[in-house]
Amino acid sequence: MESDFVSLLTIFVLAIFVGVYVITKVPPTLHTPLTSGANAISGITIVGAILAAGVEHSLLIQVLGFVAVVFAMINVVGGFMVTDRMLQMFKRKE
Amino acid sequence: MSLALINVAYLIAAVCFIFGLMQLSHPRTAVRGNRIGALGMLIAIVVTLLEKEVVTFEWIIAGMILGTIIGAVLAIRVKMTAMPQMVALLNGFGGGASLLVAGAELTKFSLIEPNPALQTTIAVAATCVIGSVTFWGSLVAYGKLEGLINERSFLIKGRHLINGALGLLALFLCYELIQHPAYTSLYWLLCVVSSVVGFLLVIAIGGADMPVVICLLNSYSGLAGAAAGFVLSNNGLIISGSLVGASGIILCMIMCKAMNRSLPNVLFGGFGAVDSGPSADDVYGGRIKATTPEEIAMLFDTARRVVIVPGYGLAVSQAQHAVRDLANLLESKGIEVEYGIHPVAGRMPGHMNILLAEASIPYEKVKEMDEVNNSFEQTDVTMVIGANDVVNPEARTNPNSPIAGMPILDVDRSKTVVVVKRSLSPGFAGIPNPLFALDNTLMYFADGKKAILDLITAVKEG
């Protein structure tokens, strides 16, 4: 279990470095779509929400999971769609 | 599906996110990048549905349909000017979802595994705190940006003491929760306390500091996701969450640098609530020259280069399309038109850029601060539309000014400056702007959009 935790922590730290490296390359013109796009990615918590809403032994867990699915899905769908809308505007005028 | 296969799929999803973010480095590839990110999300969702833990689907499907409808309607209907509050709201939902996930997971533990590992309960407590602060902080930010609550910083006496006490209480509850994970009510108590902290923190921050707040909350929503990943031992969540966490923090630092302020100063400073320095009468007294559209049109007759500096006022009056029409008109007369954007113009990073893009203004003409600052001396007319503090020369000249040292757009170095503004009221910093009283400055008092439309008429007639 402890080695498990350390490997999770390793992934966490390395991913932050990847994030810093990738994000610094984004020009200020695209900072709003970057924020909303990254925001959509943070909706990945939908994974946990699905796992909770899909259990069968407890109504409480299912309900918590259900609300979490709704929230995360708003985040995911709203985030990617609105980012797409914004980015299309930049594309239009070439 | 085997566990290994599922984890490989999460890895593919995470690679999609990284690759998608990489493609956001250029407007030409950005649309594809965003879609690759969405594809990654789809992979993650489908794979999760195949996990053997997932046995019932009613709640999941109902939640996904409801969430999709709400998300899609929000995304389709939101105006470009309202993008900051939209992002704030979405941040809040992300943070809220992580908060609920950790709560559900803790409840699950209390039913089937009374003694979860220490690192798991620590992660649960962390998700609870970050998730609650993100949720309530984002809702307050949304309310301020949408105009539902007063935008100015709301400062309670002894707020540092109150926040400190609440912070200590939250820490104590975290400790208790980690010691006794079976008492799930501790989780919800911690949730309430952290919610109050999130609420109080953001209510104290004024409107123009919202770019920093939005970035920070964005970062938190990512970190909440990563923390939930630790709870579930899920690599996909951890990688994606930390990517978002990093993105928010980097933007935060860029914004702070552009205001020459530290992050703690933005978060706890209560900026804009103090007044000091010379009064408006001392600065402006008898030196303000008001102008008319006709006079500006005459200036354009001899101009070769015009720079437009947009600020939040442009967003408020929805003047971006009118500005584009004016720029087209000027260009048809052989005048070079460019745009200069301050990093903190507007209410979120890049806010002005998306408004100009909405009006089909090519991004090549939209220049960053450092680039455009080199060109003001060769500029005949600079038009400042709805911006104030970011063009205040006090930042360069007066070391005692609240904005001292803040990098600004040096519009005062151009031959003539036209400031489009409704009145002489101060900007967020609450200080008068000596730019308005300079010899080469003309004040054009009007609402942003109407001002530009009248100006277009004047140029056409002249």
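## A helix in chain B

Helix α7 of chain B, which covers residues 184–203, has 20 residues and reaches 29 Å from its first C-alpha to its last, close to the 28 Å expected at 1.5 Å a residue; the expected span is 1.5 Å times one less than the number of residues. Helices here are DSSP runs of H or I with at least four residues, strands are runs of E with at least two, and both are numbered from the N terminus.

This is a predicted model, in which local features need pLDDT of at least 70 and side-chain atom pairs count only at pLDDT 80 or more, while totals for chains, interfaces and linings use all residues. Residues are numbered from 1 along each chain as its sequence is written, and chains are lettered from A and ligands numbered from 1 in the order in which they are written.

The buried residues of α7(B) include L186(B), Y187(B), L190(B) and C191(B), where buried means that 20 or more other C-beta atoms, placed from the backbone, lie within 10 Å of the residue's own. The buried residues of this helix pack against α4 (83–112), α5 (118–146), α6 (159–179), α8 (210–232) and α10 (263–268) of chain B.

## The form of chain A

Chain A has 4 helices and 0 strands, and from the N terminus on its elements run α-α-α-α. Its C-alpha trace spans about 55 × 35 × 15 Å along the principal axes, and buried residues make up 65% of its 94 residues.

## Where the chains meet

The contact between the chains takes 81 residues from chain A and 98 residues from chain B, with two residues counted as in contact if their C-beta atoms, placed from the backbone, lie within 7 Å. On the side of chain A that touches chain B, α1 (2–23), α2 (31–41), α3 (46–53) and α4 (59–92) each supply at least two residues, and α4(A) gives the most, with 32 residues.

## The largest nonpolar core

The largest nonpolar core has 196 residues, and those with the most contacts inside it are A68(A), V69(A) and L190(B); such a core is a set of buried Ala, Val, Leu, Ile, Met, Phe, Trp, Tyr and Cys residues joined through C-beta atoms within 7 Å. The largest share of this core, 20 residues, comes from α4(A).

Leaving aside its neighbours within four places in sequence, A68(A) is in contact with A49(A) and A52(A), and also with A97(B), L100(B), V101(B) and A104(B).

Technical notes:
Buried ≥ 20, exposed ≤ 12 C-beta atoms within 10 Å, placed from the backbone.
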